[in-house]
Amino acid sequence: MSAVPVQVRIDKFLWCVRLCKTRSQAVDFCVRGRVRANEREVKPAYTVAPGDALAVRVPPIWKRYRVLAIPGTRVGAKQVPALIHEITPWEDLEKADLARRLRAGAPAHGAGRPTKKAR
């Protein structure tokens, strides 16, 4: 049985708690400035500890989380609420929902011109 780490790299943490699909995507988020810890931009090697405040850019908003615990490895979706707590303001969540609905009504990117029948 392995011990649960007290600190872990932020790129691994984002992958472990399923905020990013792959570890390389988590590194890319950090490099592009889409991840903040305790109100500062961080590099992929930043160590996350319980109690830290994280913000991840999901256009058009910043989703905010409080770190509750550090996982030893990637966890299932049902175990994520025990590790992070979402603290994103309600107004931002409404703004993201509105943007999602607007995108749903638009044609898919790269769908091409409409046919006579579709017009």
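What follows is a dialogue about the sheet, the core, the salt bridges and a few loop residues.

Q: Before we start, what kind of model is this, and how are residues numbered?
A: It's a predicted model, where local features need pLDDT of at least 70, side-chain atom pairs count only at pLDDT 80 or more, and totals for chains, interfaces and linings use all residues. Residues are numbered from 1 along each chain as its sequence is written, and side-chain values use heavy atoms, with hydrogens and water left out.

Q: How do I read the sheet, and what is the order of its strands?
A: Start with the elements: helices (H or I, at least four residues) and strands (E, at least two) are DSSP runs, numbered from the N terminus. Two strands pair if DSSP finds at least two bridges between them. Here you get an open sheet of 5 strands, ordered S3-S2-S5-S6-S7, with antiparallel pairing. Strand S3 (40–41) and S7 are the edges; each has a single partner strand, so one side of each lacks a neighbour in the sheet.

Q: How many bridges hold S5 to S6, and how many hold S6 to S7?
A: S5 and S6 pair over 6 bridges, antiparallel, and a hairpin of 2 residues joins them. Within that pair, Arg-57 sits opposite Trp-62 in S6. S6 and S7 also run antiparallel, joined by 3 bridges, with Tyr-65 opposite Glu-86 in S7. On S5's pairing with S2, you'll find 3 antiparallel bridges, and Arg-36 has Ala-55 in S5 as its bridge partner.

Q: Which residues touch the most other members of the largest nonpolar core?
A: A nonpolar core is a set of buried Ala, Val, Leu, Ile, Met, Phe, Trp, Tyr and Cys residues joined through side-chain atoms within 4.5 Å. Buried means under 20% relative accessible area, exposed means over 50%, and partly exposed is in between (1.4 Å probe, protein chains only). The largest core has 23 residues, and Ile-10, Phe-13, Leu-14, Val-35 and Val-48 touch the most other members. Helix H1 (10–16), helix H2 (23–31), strand S2 (35–37), S5 and strand S6 (61–67) each give two or more residues to this core. Take Val-48: with contact meaning heavy atoms within 4.5 Å, and residues up to four places away not counted, Val-48 touches Val-6, Gln-7, Val-8, Ile-10, Phe-13, Val-67 and Ile-70.

Q: What about charges: how many salt bridges are there in the whole structure?
A: Side chains of opposite charge can pair when their charged atoms come close. The cut-off is a side-chain nitrogen of Lys or Arg within 4 Å of a carboxyl oxygen of Asp or Glu. A search of the whole structure turns up 6 salt bridges. Arg-9, Asp-11 and Arg-23 form a linked network: Arg-9 to Asp-11 is 3.1 Å between the closest N and O atoms, and Arg-23 to Asp-11 is 3.5 Å. Arg-23 lies in helix H2 and Asp-11 in helix H1, so that pair ties together parts 12 residues apart in sequence. Asp-11 is buried at 2%, while Arg-9 is partly exposed at 36%.

Q: Which salt bridge partner does Asp-97 have?
A: That's Arg-100, with the closest N and O atoms 2.5 Å apart.

Q: Is Asp-52 buried or exposed?
A: Asp-52 is buried, yet has no salt bridge; the nearest side chain of opposite charge, Arg-66, is 6.8 Å away. For that test, Lys and Arg count as positive and Asp and Glu as negative, with His and the chain ends not counted. Asp-52 sits in the loop between strand S4 (47–48) and strand S5 (53–58). Its side chain does have a 3.4 Å polar contact with that of Asn-38.A polar contact is a pair of N or O atoms within 3.5 Å; within protein, one must be able to donate a hydrogen and the other to accept it, and residues adjacent in sequence count only if both atoms are side-chain atoms.

Q: Where is Thr-88 found, and which side chain does its own side chain contact?
A: Thr-88 is in the loop between S7 and helix H3 (90–105), and its side chain makes a polar contact of 3.1 Å with the side chain of Glu-86. A polar atom of the Thr-88 side chain also lies 2.8 Å from the backbone nitrogen of Arg-64.
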